[in-house]
Amino acid sequence: MKLKALFLNCTLKKSPETSNTEAFIDQAKMMFKELDVETESVRVVDE
């Protein structure tokens, strides 16, 4: 079974404004990719 990770970005800044939280999530996504974990990120303020 393949592992999946969901990141919820709860920044108050709407896309495409720069989010420090998004930068942190991007770093975590790279680490998970090396472990063959599928990732998805949701920017809550945009939903």
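Leu6 has its place in strand E1, which covers residues 4–9, where helices (H or I, at least four residues) and strands (E, at least two) are DSSP runs numbered from the N terminus. This is a predicted model, in which local features need pLDDT of at least 70 and side-chain atom pairs count only at pLDDT 80 or more, while totals for chains, interfaces and linings use all residues. Residues are numbered from 1 along each chain as its sequence is written, and side-chain values use heavy atoms, with hydrogens and water left out.

**Surface**
- Leu6 counts as exposed because its relative accessibility is 53%, given that buried means under 20% relative accessible area, exposed over 50%, and partly exposed in between (1.4 Å probe, protein chains only).

**Salt bridge**
- Side chains of opposite charge can pair when their charged atoms come close.
- Asp36 forms a salt bridge with Lys2, and their closest N and O atoms are 3.3 Å apart; the term asks for a side-chain nitrogen of Lys or Arg within 4 Å of a carboxyl oxygen of Asp or Glu.
- Asp36 lies in the loop between helix H1 (20–34) and strand E2 (38–43) and Lys2 in the segment before E1, so the pair ties together parts that are 34 residues apart in sequence.
- Asp36 counts as exposed at 52% relative accessibility, whereas Lys2, at 46%, is partly exposed.

**Core**
- The largest nonpolar core has five residues, namely Ala5, Phe7, Ile25, Ala28 and Val37; such a core is a set of buried Ala, Val, Leu, Ile, Met, Phe, Trp, Tyr and Cys residues joined through side-chain atoms within 4.5 Å.
- E1 and H1 each supply at least two residues of this core.
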